[in-house]
Amino acid sequence: HSKIVLVDMSFTFGDLGVMFDSAPKYSLTDAVVEGAIDESKLRSIMVSHETGLHILNVAASPEVGEEVTRQHVVELMGVLTTMFDYVIVDVGRQLDDRTVEVLELSDQIMLICELDIPTVRNTVCFTSLMERLKIDRDKTHLVINRYHKKSRLSFDDVETLVGRKVFWSIPNDFLPMSVGIDRGVPAVQDAPKSKVAKSYLDLADRIH
């Protein structure tokens, strides 16, 4: 089995741990000793999920989030890549020097979009900003979330507006997703035969 860590890079209110019924109690700053990240302390503040996944919360509160620096993030990514086979980071919607650093260091970036005008507009803004920052275009993949055939916009519409091909689409399989979130159990565990679970597993295979 691959060793995988999921990093919640929300500097305000992260909720990835809650979705796994494993809300982290500690922040990245708890693993900093004399200005540097201590690997043993970093391991101790991670939450281990029954699936084998590890979850790391960068900030347990907005106040703590302000203490996390760009250098902390750079060092964290370096340490995690020596500890795990896959480091998956949710940077949310924020874009500052810390999250830009993560995007630059990443091997692949999943740009999540839904087929509605406001989200597509935001995606266009985000991609143009990434281009101005000279983040490698080839490693950025467009993923359509909550896809259903009756959407007002088509893949062609989005591809034209965003200027990128759709890499993957995740179906709008509402019930297993909402039930899984409420239970704190991923849909791939709670409803492994659902359309959304199959889509996530196939996406993981494609990324791998």
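**View 1. His72 in helix H4 of the predicted model.** His72 lies in helix H4, and this structure is a predicted model. Is His72 buried or exposed? Its relative accessible area is 13%, under the 20% cut-off, so His72 counts as buried. Beyond its neighbours within four places in sequence, His72 contacts Leu28, Val32, Ile37 and Glu67.

**View 2. Leu76 and its contacts.** Which residues touch Leu76, once neighbours within four places in sequence are set aside? They are Leu28, Ile37, Leu42, Leu56 and Val58.

**View 3. The largest nonpolar core.** This core holds 22 residues. Those that touch the most other members are Met9, Leu42, Met46, Leu56, Val58, Leu76 and Leu80. At least two core residues come from each of strand S1 (4–8), helix H2 (39–45) and H4. H4 gives the largest share, six residues. In soluble globular proteins, nonpolar side chains tend to be buried together.

**View 4. Helix H5 and its surroundings.** H5 spans residues 97–105. Buried here are Arg98, Thr99, Val100, Glu101, Val102 and Leu103. What do the buried residues of H5 pack against? Three helices are involved: H3 (62–67), H4 (70–83) and H6 (117–132). Strands S6 (86–90) and S7 (109–113) complete the list.

Conventions:
Residues are numbered from 1 along each chain as its sequence is written. This is a predicted model: local features need pLDDT of at least 70, side-chain atom pairs count only at pLDDT 80 or more; totals for chains, interfaces and linings use all residues. Side-chain values use heavy atoms; hydrogens and water are left out. Buried means under 20% relative accessible area, exposed over 50%, partly exposed in between (1.4 Å probe, protein chains only). Helices (H or I, at least four residues) and strands (E, at least two) are DSSP runs, numbered from the N terminus. Contact means heavy atoms within 4.5 Å. A nonpolar core is a set of buried Ala, Val, Leu, Ile, Met, Phe, Trp, Tyr and Cys residues joined through side-chain atoms within 4.5 Å.
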